[in-house]
Amino acid sequence: MAHNILISGAGIAGSVLAYWLAQRGFNPTVVEKRPHLRQTGGHAVDLAGVSIEVVERMGLLPAVTGAHVRHDRMTFNQRRGRPIEMPRLTATIADRHVEIQRDDLTGILHAAAAPHAEYIFGDTITAITDGTDAVTVEFEDSPPRAFDLVIGADGLHSGVRRLVFGPEESYRHDLGAYLSVYSYPNNAGLGSGVIGYFDSGRAAFTYPVDDGHLARALLLFRGHPAGDLRDPAHQLRVVRDAFAGIEAHLPFSLADLHESEDFYFDSISQIRMDTWSKGRVSLVGDAAYSPGPAVGGGTAMAVLGAYVLANELALARDDHAAAFASAESVLAPAIAQSRKVGPSSLRQLVPGNRLAAWLTPRTLRLLIRLPRRVSLALFSLQGSDTSRLDDFSSERLPAV
C-alpha cells in the first residue's frame, strides 16, 4: 500500500486531502511555498451541498458555520437615482450553504489536518522523477526525498502540473474576464452588508472584514488586456484602466489599490484536462479542474475532490492507478456541471452591456420576492444539489 504521500499546497484541497489520507491510514506530507498560511486576503468562498457534508464528517461544521460571513443585506449603487437595497439572495433561499472568507476556511482545515500530517512551509518542488516503485522529489531548499505518490493541490497555476503534464497554456481556458481582490482600511465605516455596482463589462463589490477594521474590494471585468500580466505594477494599471470613468460611482476608492498588502489579480480561467493523473502523480482541486475563480464553485469542488481521492486510494490499496482512474470517473459529472456554472455565473456577475447592468439588481430583487422553489430553479444555486456524499464513491467506506 502506498503509505507516504506528498501533497503540494497547504490550501483548501491540500489540507482536506491530508486530513482524509491520515484518517485512511496514509502518511501525508504537505509542502507549501509560502512561509506560513495566508492570514489575510482573498474573497469569500462558498461551501454547499456535498462539500458541507465533507466538512461535517470532519467534525468542523460548527467552526465553519461560526466563521461564516455575516452579510445579509445587499445595496447596489446606481449611476443615477437612489441605491437599490435588498436581502442577499443566498441568505434568503440557500439550504446547507456557508459563505466564509477563504483565509478563515484555510485556517480551520489546516488546524484539523496538522496533527496528522507533516507540514513543510517556505519550500517548493523543483523536480519530480517518477519511478517504478517511488517518486523522487527535489525541493528548492530541502534535500531530495522519495514518496510513494505525489499529489498537486497547488491551485490554478500548479507547479506540479507544469512539471509533470506540461505548460499551463495547454490546459488553461480563459473565460474572457479578470478578477482583482484587495483589502483597505474601513475608514468610511462600512456597515455589515455588501455594496455593489454594475456597469457594462465590469462589476465592483465591497464588504467589511476583520471585525470591521478592514474592508475588502472585489473587482471583476471583461477584456483582454495587453502587456505582461505577471508584473504587479502592470496589474495595478490594468485594474485602474478597467474602471476608468466610473470611479465616482464605485462604493470605494481605487486609490487604496497601491497601498494594499494583499492585492490579488488573475484571469478567470478554467483548467480542462482529459486526465489529471500520470504514473504516481495526480492533481486535485483547481490544479486539475478549476471551474474559474469566483464564479464556478471551485472551493466546493476542491473539498469534494480531495475527499473522493483519499477514499479511492484507500479502497484501491496497492493499485494507485486504479484509484486515480476511479476518482476521475466518480468526479466527472460534478466537474462537467461546475464548468457550465462558471460562464453562467460570469454573465450574471458582469453584465455585458449598460441595459444588462441596469436590469441585474432589479432581477435579483425580483428573485428574492418569488417563491423559494422558483428562485432556486432560476438562480441554480449549488446549494440546491440533492446529491449525497456517499454517491461520490465507487464503493462504500466505513465511517471514521
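**Stop 1: the largest cavity**

Select W276, S277, S282, L283, V284, Y289, G305, L309, F324, A327 and L331, which line the largest cavity. On a 1 Å grid over the protein atoms alone, a cavity is a set of points where a 1.4 Å probe fits but cannot get out, and lining residues have an atom within 4 Å of a point. This is a predicted model, in which local features need pLDDT of at least 70 and side-chain atom pairs count only at pLDDT 80 or more, while totals for chains, interfaces and linings use all residues. Residues are numbered from 1 along each chain as its sequence is written, and side-chain values use heavy atoms, with hydrogens and water left out.

The space in the largest cavity is about 40 Å³. A volume here is the space filled by probe spheres set on the points, and grid points are joined across faces, edges and corners. Searching the whole structure gives one cavity of 30 Å³ or more.

Now colour the lining by class: eight residues are nonpolar, three are polar and none is charged. Ala, Val, Leu, Ile, Met, Phe, Trp, Tyr, Cys and Pro count as nonpolar, Asp, Glu, Lys and Arg as charged, and the others, Gly among them, as polar.

Which elements each supply at least two residues of this lining? They are strand 18, helix 9 (298–316) and helix 10 (320–349). Helices (H or I, at least four residues) and strands (E, at least two) are DSSP runs, numbered from the N terminus. Helix 10 gives the most, with three residues.

**Stop 2: helix 10**

Select helix 10, which has 30 residues and reaches 40 Å from its first C-alpha to its last, close to the 44 Å expected. The expected span is 1.5 Å times one less than the number of residues. Then find A332, where helix 10 bends by about 50°; the proline P333 follows within four residues. The bend is the angle between axes fitted to the seven residues ending at a residue and the seven starting there.

R339 is also in helix 10. R339 counts as partly exposed because its relative accessibility is 23%. Buried means under 20% relative accessible area, exposed over 50%, and partly exposed in between (1.4 Å probe, protein chains only).

**Stop 3**

Go back to strand 18 (residues 281–283), which pairs with strand 17 in the antiparallel sense over two bridges. Two strands pair if DSSP finds at least two bridges between them. Select K278 to see its bridge partner in strand 18, V281.

**Stop 4: strand 12**

Select strand 12 (residues 172–185), where ten of the 14 residues are buried. Strand 12 runs antiparallel to strand 16 (residues 264–271), and seven bridges join them. H173 stands opposite Q270 in strand 16. Strand 12 also pairs with strand 15 (residues 214–222) in the antiparallel sense, over nine bridges. There, Y178 has F221 as its bridge partner.

**Stop 5: helix 1**

Last, select helix 1 (residues 12–23), whose end C-alpha atoms are 17 Å apart, in agreement with the 16 Å its twelve residues should span. Eleven of the twelve residues are buried, so helix 1 is largely enclosed by the rest of the structure.

How values were computed: On a 1 Å grid over the protein atoms alone, a cavity is a set of points where a 1.4 Å probe fits but cannot get out, and a pocket is an open set with protein on both sides within 12 Å along at least five of seven lines; lining residues have an atom within 4 Å of a point.
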